[in-house]
Amino acid sequence: MKAIFFNSITIFLFVTLANSAAAQDTYSIVAVDPETGEVGSAGASCVDLNQFFPNSPDDFIAVLHPGLGAINTQAAYNPANQNLASDRALQGDSADQIIDYLLANDVESNSRIRQYGIALLNNGSPDIAAHTGLNCFDEKYHITGETYSIQGNILIDSNVLDSIEAAFLRTEGSLACKLMAALQGANRIGADSRCASNNTSSLFGYLKVAQPDDVFGDPSFLISVRTSNGDQIEPIDSLQILFNAQNGCDTTEDNPSSIEVLQDNWFTFSYQNDYQKLSFNGPEGTYFQVFHNVGGSGLSIHLFPGFNELDISDYPTGIYYVLATHKDKTWTTKFLKQ
């Protein structure tokens with residue numbers, strides 16, 4: 001089992017973060033791949049790191065233990081609790097046991113303001129658990145699946161995490177590809193509600209994946225982006241640019257240039273490259289969004305009963321992500337504009 005070593009810079013960083021205003025990371029995902037042994041994490045938030053935590057790494061809420069698992073500590077982030085979680089994981093605790101230990105041993109005796117996501121590999125099998133404290137800021141909740149945990153707080157609505165999950169599950173390829181798609185699922189203005197006035201989903205984001213033989217603290221894949229409040233630069237789009245440049249998976253694969261969908265009799269959507277227009281229809285109250293994954297291009301409109309059409313001929317070529325939500329229903333897809 002790999003040991004954990006902290007140098008003086010790391011210790012100083014943790015003390016600085018602990019004594020600063022409580023950091024709130026808004027949405028994130030931790031996941032494992034039992035076939036490859038990879039462990040990974042991705043997340044984004046509307047915290048202005050340049051202003052409040054200029055010396056912190058962009059991925060500070062996430063710890064990867066190669067071959068073992070990923071642990072995210074967010075909402076009133078406290079590095080001492082993060083260290084407790086890592087210690088218990090290295091001692092062989094299950095994901096549920098780690099959560100129980102954190103709740104019983106919170107360093108400030110206030111687990112009601114914490115949020116955790118844990119994804120472990122227990123003898124090669126996924127072991128998942130999460131916690132969302134009652135006093136985390138609304139909207140707040142978490143989702144756990146067979147290989148992942150998704151958690152968020154200060155969300156614009158509950159569909160943010162649903163869209164992250166849908167994008168993660170429908171994307172094929174490596175764990176890194178699935179995590180990048182998951183972040184794109186939250187690529188909407190105000191996903192972190194504090195960033196609505198900035199016309200972005202967040203202010204910073206990260207994605208990292210460790211291979212089983214990686215050294216602790218040095219994952220094989222790590223990208224991150226931070227922006228400042230007022231920049232109005234979408235960090236998830238900027239992350240996608242870095243991802244496309246560094247990752248081997250083909251992001252255009254399985255992205256049809258024409259698509260026609262009837263979704264559960266409540267939503268219709270179609271696009272043809274020759275026509276360069278999106279056609280959609282849904283009941284009143286449906287929220288329809290289209291996001292371009294490069295350059296920050298984004299569109300958001302409300303659907304109402306009847307036929308609707310959107311001309312995208314003047315928008316850049318590339319992959320576009322489509323999100324439709326209505327009450328408790330969420331639907332996502334992607335297409336290639338040539």
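Analyst: What follows is a walk through the fold, the sheets, the cores and a few individual residues.

User: Before we start, what kind of model is this, and how are residues numbered?

Analyst: This is a predicted model, in which local features need pLDDT of at least 70 and side-chain atom pairs count only at pLDDT 80 or more, while totals for chains, interfaces and linings use all residues. Residues are numbered from 1 along each chain as its sequence is written, and side-chain values use heavy atoms, with hydrogens and water left out.

User: OK, how many helices and strands does the protein chain have?

Analyst: The protein chain has seven helices and 18 strands, where helices (H or I, at least four residues) and strands (E, at least two) are DSSP runs numbered from the N terminus. Of its 338 residues, 56% count as buried, buried meaning under 20% relative accessible area, exposed over 50% and partly exposed in between (1.4 Å probe, protein chains only).

User: Which strands make up the six-stranded sheet, and in what order?

Analyst: The order is 7-8-1-2-9-10, in an open sheet with antiparallel pairing; two strands pair if DSSP finds at least two bridges between them. Strand 7 (141-144) and strand 10 (221-226) stand at the edges with a single partner strand each, so one side of each is left without a neighbour in the sheet. From one strand to the next the twist averages 5 degrees, with axes being lines fitted to C-alpha atoms (for helices over the stretch in contact) and angles running from 0 to 180 degrees between N-to-C directions.

User: How many bridges join strand 1 to strand 2?

Analyst: Seven bridges join strand 1 (residues 27-33) to strand 2 (residues 38-45), and the two run antiparallel. Within this pair, Ser28 has Gly43 in strand 2 as its bridge partner.

User: And which helices pack on that sheet?

Analyst: Helix 6 (residues 175-185) touches strand 1, strand 2, strand 9 (204-210) and strand 10, and its direction makes about 20 degrees with that of strand 2. Helix 7 (residues 235-246) also packs on the sheet, touching strand 1, strand 9 and strand 10, at about 150 degrees to the direction of strand 10.

User: Now the core. Which residues have the most contacts inside the largest one?

Analyst: Tyr27, Leu179 and Leu207 have the most contacts inside the largest nonpolar core, which has 30 residues; such a core is a set of buried Ala, Val, Leu, Ile, Met, Phe, Trp, Tyr and Cys residues joined through side-chain atoms within 4.5 Å. Elements that give two or more residues to this core include strand 8 (148-152) and helix 5 (159-170), while helix 6 gives the most, with seven residues.

User: What does Leu207 touch, beyond its sequence neighbours?

Analyst: Leaving aside residues within four places in sequence, Leu207 is in contact (heavy atoms within 4.5 Å) with Ser41, Ala42, Ala176, Leu179, Met180, Phe221, Leu222, Ile223 and Phe243. Apart from this core lies another, of 14 residues, among them Phe269, Tyr271, Leu278 and Ile312.

User: Switching topic, what about the four-stranded sheet?

Analyst: That open sheet has the order 3-4-5-6 with antiparallel pairing, and its edge strands are strand 3 (62-65) and strand 6 (125-132). Strand 3 and strand 4 (residues 69-74) pair over four bridges, with His65 standing opposite Gly69 in strand 4. Helix 3 (residues 79-90) lies across strand 3, strand 4 and strand 5 (115-122), at about 15 degrees to strand 3, whereas helix 4 (residues 95-104) lies across strand 5 and strand 6, at about 25 degrees to strand 6.

User: Is Asp192 buried or exposed?

Analyst: Asp192 is buried, with a relative accessible area of 0%, and is found in the loop between helix 6 and strand 9. Its side chain reaches the backbone nitrogen of Cys46 at 2.8 Å.

Technical notes
A polar contact is a pair of N or O atoms within 3.5 Å; within protein, one must be able to donate a hydrogen and the other to accept it, and residues adjacent in sequence count only if both atoms are side-chain atoms.
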